[in-house]
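Notebook open, structure loaded. I'm jotting down what I look up as I go.

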Amino acid sequence: MAVLLDKDTKVIVQGITGYQGQFHANLMRDYGTKVVGGVRPGKGGQEIDGFPIFDSVKEAMDATGATASVVFVPARFVRLAAIEAISAGIKLLVIITEGVPVTDTMEIVKLVNEKGIDLIGPNCPGLITPGQAKIGIIPASIVMPGNVAIVSKSGTLTYEVIDQLTRAGMGQSSCVGIGGDPVKGINFIECLRYFQDDPATEKIVMIGEIGGDAEEKAAEFISQHVTKPVVAFIAGKTAKEGKTMGHAGAIVMGNTGTAKGKIEALEKVNVRVAEKISEIPKFLK
Amino acid sequence: MGLILEYEGKSLFGKYKIPLINSLLVKNAEEAKEASTKLGLPVAVKAQVLSGGRGKRGLIKIAKTPEEVIQHSIDILSMESDGRPVTHLLIEEAADIKQEIFISMVFDSSTLETLVLFSLEGGVNIEDLAKERPEAIDRFRVPFGKVSYGFDFFPALAARGLTGSVKIHIANIIAALVNMMIKEDLQLAEINPLVITNDDKVIALDARVIVDDNAKYRHPERKEYLSEILRYTAAEKDAKENDLSYVDLGGEIGMLSVGAGLGMATADLLAVFGGYPRNFLDVGGGADQVRVENALRIMLMDEGLKSILINAFGGITRLDDIAKGIIAARDKFDKLRTGEIPLIIRLMGTNQKEGVELLKEAGLIAYEEMEPAIEKAVLAAKGGN
């Protein structure tokens, strides 16, 4: 049992002939992920590092039975790549690319919501089910199978936390980097729901950062639906107060968005919030 | 964030037929006087700066005579805003105001809607109004992808007592802004005040607009914006041109990190150990040798720097690329070569072994864990070893 991804999930790579796409297709396969091919319009029928290349997502899915796709194309092509994957009937879509315009992401998120597709990202490191498979760029060397599930808004910070857990001998059941953009696919709440229902997960780590109100909403969700212990970390406590998004942003968001507000909301529902990353393993014991 | 200047926002508004009052952009008092002659007195002399609250800060003044135009222009052009001198003024016809209105909109990322805030009590501090009398503010929600029309807003405006052509003009302005949010890739569109004149014209007197920088390639004209120059310090501009992100923070430790989240956590942890970042350079995921070298070059331009902490956890980034950049910079820049600025390196993740090996051959050591490296950087900044 695993969340979103296991060793049998068949994955294609959109943008497999690019610098990042090719490199990470190989790393994913090395870890055991069933990377069954890639998409690069105009290069269908060719191969790269033993991966068959297809002109379209539809052709790739028909030929390989893939149900998941990971997008490595440049930001300005993400919208089209995502719409193509969604129309082809993909079940899990992971967008690693950063710098996607907000309106493009909104259009993509609207489509995945209508079709019930799990979207992770954009601007995210992807996910890994330790011991089984990974989609995206989380370094495989730092994970270890176990029972702690991690969900995080930040890429590199996720690695840091995974690494400290592994060093403390605490393996992971699933690590999901949901990405730091304001508009995104699945958020804390959806991940927390998956983790709560996942028999392989016994404890949960949630890594948030300043901005938005996803952590506050997650706190509310935890108080009602999550019985497994949750430890949190919030980045940006010392960050300078950012310029607010004009008056509308300030009025809509109210007190939310600050590290202080997020920490208070989480502590109120009995989530322990670590000050240092190194405290997370201790709090999980 | 892509805040743009009033006159740039107004030129966008003009494209969507939002009614404006005549104005001219000038750079000195002489030009201001000429502009006021063309426009006719009285005029408003308005500093073109990024921060709000211009009225309170003396950056907007009304001039009734040519002498006042010159005096106000000289005064405002000698002032500073956002740490830099005011360089441009907008000379604008003075409006004959009957009522001030507030309109502001952002995307609500959780509901995928455009959220419009509207109040007949504009001009004032709207955040105070929201606290004291929230009922004075209407909220309209438009689902993403829906094209707005003026008539969508007629009932709500009528409920606030607006009638006739004023109601229709305001409704059309709201609809135009909602459509602009998507077509122009905006993150904020705000008019405060939108005014009703004594002869019942509706005019946007101000424009506060934030554009989505990620969508700049769809709006190439924005590269030429004056706000592009004003938004960045020399170091920030240099960083931007080299595909880096730079933030000035005022402490003593230069912080180079891969990814903003780890950067923020690093800054938090520096504070725990009693240090504070001087600046933060995010080389971003997938950084190569050249970006790292540029990052260190830009960092070293800051005289207040006491030590540099490089915290790299490689996911998409390959640490041998980072190491090559560090070594190249060390060999190139005196402050690093002589050890005047101590360099504390922490590498973990993709191609770590290769990166650490390269550093070792070059006589540099790398920490594997974050906290000891951060502690060391704080100590080094204080002159310790």
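Where is the place of B:Lys17 in chain B? I find B:Lys17 in the loop between helix 1 (6-15) and strand 2 (23-26) of chain B. Helices (H or I, at least four residues) and strands (E, at least two) are DSSP runs here, numbered from the N terminus.

Ground rules before I go on. This is a predicted model, where local features need pLDDT of at least 70 and side-chain atom pairs count only at pLDDT 80 or more, while totals for chains, interfaces and linings use all residues. Residues are numbered from 1 along each chain as its sequence is written, chains are lettered from A and ligands numbered from 1 in the order in which they are written, and side-chain values use heavy atoms, with hydrogens and water left out.

**Positive phi**

I noted phi of B:Lys17 near 60°, a positive value in a residue other than glycine. B:Lys17 counts as exposed because its relative accessible area is 73%; the cut-offs are under 20% for buried, over 50% for exposed and partly exposed in between (1.4 Å probe, protein chains only).

I looked at A:Leu4 too: its phi is positive, near 65°, and it isn't a glycine. A:Leu4 sits in the segment before strand 1 (10-14) of chain A and is partly exposed, at 22% relative accessibility.

**Cis peptides**

I logged a cis bond from B:Leu41 to B:Pro42, with omega near -5°. B:Pro42 belongs to the loop between helix 2 (29-39) and strand 3 (43-47) of chain B. B:Asn192 and B:Pro193 are also joined by a cis peptide bond, omega about 10°, and B:Pro193 falls in strand 11 (residues 186-197) of chain B.

**Helix 4 of chain A**

I checked the span of helix 4 (residues 102-115): its 14 residues reach 20 Å from first C-alpha to last, close to the 20 Å expected at 1.5 Å a residue. The expected span is 1.5 Å times one less than the number of residues. Its buried residues include A:Val102, A:Met106, A:Ile108, A:Val109 and A:Val112. A:Gly116 follows the helix, with a positive phi near 65°.

**Cores**

Next, I looked up nonpolar cores (sets of buried Ala, Val, Leu, Ile, Met, Phe, Trp, Tyr and Cys residues joined through side-chain atoms within 4.5 Å). The largest has 92 residues, and A:Met206 and A:Ile280 have the most contacts inside it. Helix 14 (residues 370-381) of chain B gives the most to this core, with seven residues. Apart from it lies another core, of 69 residues, including A:Met106, B:Ile4, B:Ala175 and B:Met180.

What does A:Ile280 touch, not counting residues up to four places away in sequence? With contact meaning heavy atoms within 4.5 Å, I get A:Val161, A:Leu165, A:Val205, A:Val231, A:Phe233 and A:Ala274.

**A:Ile48**

I placed A:Ile48 in strand 3 (residues 47-48) of chain A, and it counts as buried because its relative accessibility is 14%. Leaving out residues up to four places away in sequence, A:Ile48 touches A:Ile16, A:Thr17, A:Gln22 and A:Ile53. I also checked A:Ile48 against A:Asn147: they are 99 residues apart in sequence and 36 Å apart in space, C-alpha to C-alpha.
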